[in-house]
Amino acid sequence: MRLLSGVFSLLLFFQHSFGQATESVRSGGNNPAAVSAGGTGLTGLFTTAGGAAIPFANVLLLKAFDSSLVKAAVTDEKGSFQFDHIAAGKYLLRFSAVGYQGWEGPVFELPANQQTAGQPVSNLGTHIVKEDDRQMAEVVVRAQKPLYQQQTGGMVVNVESSVLTKGSSALEVLERSPGVVVDHQNNAIALNGKDGVTVMINGKLMRMPMDQLVILLGGMSADDIGKIELLTTPPAGYDAEGNGGIINIVLKKNKKIGTSGSLSLTGGYGWGEKGTASVNLAHNTGKVNVYGSYTFFHDRTYSDLFVKGSENFPPLGGLLDNLTWDTTRQVQNNHNLSIGLDATLSPKTTIGGNINYNNIHSSSVSADRQIFNVLPDSLLLFNGFISGINRWRNLSSSMYLEKKIRQGEQININLDWLYFNNDRPNEVQSSFRDGKGDPAGTNNDTLFSPRQRGYASTAIQVGVLKMDYSKQLSRKLKLETGVKGTYTWDKSGSGIESLVDGDWTGRSGTSNNIAMKEGIGAAYASMNAQLDPLTSLTAGARYEYSHTKMEDPTTGAVTVDRRLGVLFPSVTLSRKLADRSDLQLTYSKRISRPSYNDLASYIGYSGPIAAYTGNPFLRPTITNNLKLGYTYRGYSFSVMLSRDDYPITRYQLGENPAGNVLYILPQNLAYQDNLNFQTNLPFKVADWWTMNYGFVGGWRKFREDYTALPVEKTYFAYSSNFSETFKLPGLFSVELSGWYNSGTYNGTTKIDGVGTINAGVKKELKNNEGTLQLSVADLFRTISINGYHGQLTREAFATDNHFIYNTESTRSPIFKITYTRSFGSGLLKSQRKQASGSEEEKERVRQ
């Protein structure tokens with residue numbers, strides 16, 4: 001707490017120092033002279049030739065270099081518009097409105113010394129626009145943003161700028177994003193080589209198990225996504241959770257006055273049929289916005305696994321060779337429903353709320369065949385059929401209040417409640433025979449029982465209260481501070497039973513029941529200072545205290561009782577070097593706490609001799625990041641050095657205390673050091689041809705000490721991606737994209753490199769009748785994962801194997817055709833961005 005007090009004293013010192021040197025921002029309602037720190041304000045006026053104001057017109061501020069969108073505004077009743085905190089550079093304006101001819105102004109420049117005292121705003125004057133006498137049905141205004149944009153803290157992926165978005169899922173869009181790696185075998189997501197990733201949707205942390213979150217994202221239509229933020233060094237205003245960074249998926253929201261909506265239909269086929277249907281409706285009066293959406297997703301898919309190796313497993317006779325063939329056929333249906341309301345009670349007060357319901361039903365059938373050659377010459381044959389159901393029912397609700405106290409001063413209050421319920425029963429019918437065809441084991445041996453069943457159920461409730469306060473202390477100094485409280489309750493049970501002599505009998509060491517309670521309190525403060533016209537400094541700190549307690553509800557025995565208080569500082573220094581280049585130096589500290597299921601000693605069926613489980617002895621990961629970034633004309637380069645203490649690595653091999661079950665569980669590495677280089681290079685070859693190339697790679701060094709022979713490993717790993725977009729005559733466009741992830745390590749498991757190529761064609765129909773798109777995923781059927789156990793060190797039971805996991809697309813590329821259309825008429829209106837208080841709350845439940 002003394003360190004926290006010192007940080008707050010430092011922030012107050014910043015306030016005192018800069019407050020004496022700058023002029024305070026006066027209360028002025030909508031006064032255009034009141035401009036935020038960090039840039040120049042722009043104002044102007046649009047009228048007809050007769051001097052009549054043009055209200056509710058769309059005004060776009062574009063970069064002169066490539067016409068990319070910087071900001072959008074809407075004229076008020078008097079025809080005036082305003083842009084705040086615009087950096088120095090060359091720009092142009094573009095105007096559009098129903099009933100008026102389009103207008104584009106000449107290039108103008110904002111010099112670096114524009115922000116002189118008493119002149120913080122540049123007035124662009126009055127612009128006269130001609131009326132359009134032509135009869136028009138519906139006018140759609142499109143402003144194309146670059147696919148990738150660098151921002152403070154990370155990168156933004158403008159999803160709508162990709163031809164392949166239509167018909168894709170959120171997971172597929174993520175997989176095509178720079179630095180993002182999707183593990184299809186284990187249903188996991190990594191960012192820049194780190195697994196400790198926090199995934200948020202509209203600022204809400206998704207506290208689902210990671211494997212179920214991957215399923216959810218796989219069933220979410222990318223048509224509903226506006227952008228994806230990949231934040232490797234988030235500021236203090238974000239929760240410190242996620243040592244690998246934050247992936248924030250921002251959904252589209254209605255910005256039009258009147259009634260509007262969109263419809264999207266997708267049909268496809270790979271190994272099995274695919275289908276998605278979504279509808280969005282909204283009615284906005286200007287003061288009240290009511291919106292809702294529904295999406296249905298269907299996917300019939302396939303995967304297979306081949307394993308060849310050896311191990312020393314005493315329950316089966318000791319040293320043995322093993323061959324495994326496993327095929328899984330799965331059908332998944334998702335229903336997503338969302339409704340919400342925003343209401344402006346007064347010019348300074350806005351309230352709102354939303355309710356989201358998600359239902360996932362997945363059924364699967366796996367055929368598992370294993371041959372155990374127990375040396376020297378004993379043979380065991382296992383044939384199993386595993387049928388299972390995975391059901392998720394999730395409900396989240398959010399309410400908020402946004403109050404502008406005066407110009408430059410605001411308070412936000414968010415209250416959220418989240419509920420998750422999961423049920424996963426499965427049943428195994430199998431035969432375990434020796435080389436003569438006789439049953440192995442005895443009738444009362446649960447390991448060799450021909451019928452086994454597993455059960456797992458989880459109920460999680462989360463309550464979140466968050467309050468944020470911001471104040472423009474002066475023209476060059478802004479304060480942001482807030483507090484947050486989170487309380488989580490989790491109850492779960494799981495186990496495996498065998499049918500022995502007509503009775504279901506629990507297998508030894510395979511059942512578990514837990515009740516968990518966790519409280520997290522947090523407070524943060526951040527100061528943004530404009531040191532001079534070219535230099536800005538953001539310094540902040542966040543203190544979080546957590547208390548986690550887990551116990552067995554049947555016995556009352558406490559398995560985990562952990563208290564942790566940590567201070568997380570963050571500092572960013574930015575310097576504009578020239579008209580189109582800037583430099584950033586950032587330091588941040590972050591944490592990844594073990595998920596609830598990581599800590600739980602649950603048991604999940606994996607085979608006759610293996611089971612999934614948790615690890616109650618896991619420690620949280622603490623990460624320190626130092627990043628230097630440089631951008632020039634849209635090109636971005638960065639170098640980041642980071643140290644992870646006790647990084648969590650999942651799906652490692654271990655032994656149960658009795659030595660008769662192979663455990664698959666999470667473990668802590670001792671440390672991992674990372675030196676990463678990242679670049680993003682956009683090119684405009686011609687007006688009809690653009691391309692983008694990205695690269696993230698570097699050296700990694702880790703040490704593990706949970707195996708019998710601890711080991712250190714240093715290696716180089718990288719991921720790269722590209723996209724090529726061609727605009728053709730007849731409103732056609734074509735995109736070719738791909739990615740490649742080099743070989744890497746997941747703990748002691750070695751993974752070979754893998755990549756893919758995707759393609760898409762889009763046709764925009766005339767008269768705003770919608771768009772048609774054909775996409776092909778994994779064009780050359782290359783998403784096949786090769787991995788190895790036992791190559792780095794001695795594994796549990798001396799396991800040494802090579803496995804090959806094939807996704808559906810290795811059997812057939814996945815073809816999809818999508819039709820999308822927007823309907824309704826309305827004028828574009830500026831829309832607030834709601835940040836829910838549960839923005840960090842849905843990630844820590846994992847499988």
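This is a predicted model: local features need pLDDT of at least 70, side-chain atom pairs count only at pLDDT 80 or more; totals for chains, interfaces and linings use all residues.
User: Take the second largest cavity. What is its volume?

Analyst: About 130 Å³. Its lining has 15 residues. Closest to the centre are Leu147, Tyr148, Ser162, Arg176 and Glu735.

User: Which strands each supply at least two residues of that lining?

Analyst: Strand E40 (711-728) does, and so does strand E41 (732-741).

User: What is the make-up of the lining by class?

Analyst: The lining of the second largest cavity has 6 nonpolar residues, 7 polar and 2 charged.

User: Now the backbone. What is the phi of arginine 633, and where does the residue lie?

Analyst: Phi is near 50 degrees at arginine 633, a positive value in a residue other than glycine. Arginine 633 sits in the loop between strand E34 (621-632) and strand E35 (635-645).

User: Why does arginine 633 count as partly exposed?

Analyst: Partly exposed covers the range between under 20% (buried) and over 50% (exposed). Arginine 633 has 34% relative accessibility, so it counts as partly exposed.

User: And tyrosine 651: what is its phi, and which strand is its place in?

Analyst: Its phi is near 60 degrees, again positive in a residue other than glycine. Tyrosine 651 belongs to strand E36, residues 648-655.

Note on methods: Residues are numbered from 1 along each chain as its sequence is written. Side-chain values use heavy atoms; hydrogens and water are left out. On a 1 Å grid over the protein atoms alone, a cavity is a set of points where a 1.4 Å probe fits but cannot get out, and a pocket is an open set with protein on both sides within 12 Å along at least five of seven lines; lining residues have an atom within 4 Å of a point. Grid points are joined across faces, edges and corners, and a volume is the space filled by probe spheres set on the points. Helices (H or I, at least four residues) and strands (E, at least two) are DSSP runs, numbered from the N terminus. Ala, Val, Leu, Ile, Met, Phe, Trp, Tyr, Cys and Pro count as nonpolar, Asp, Glu, Lys and Arg as charged, and the others, Gly among them, as polar. Buried means under 20% relative accessible area, exposed over 50%, partly exposed in between (1.4 Å probe, protein chains only).
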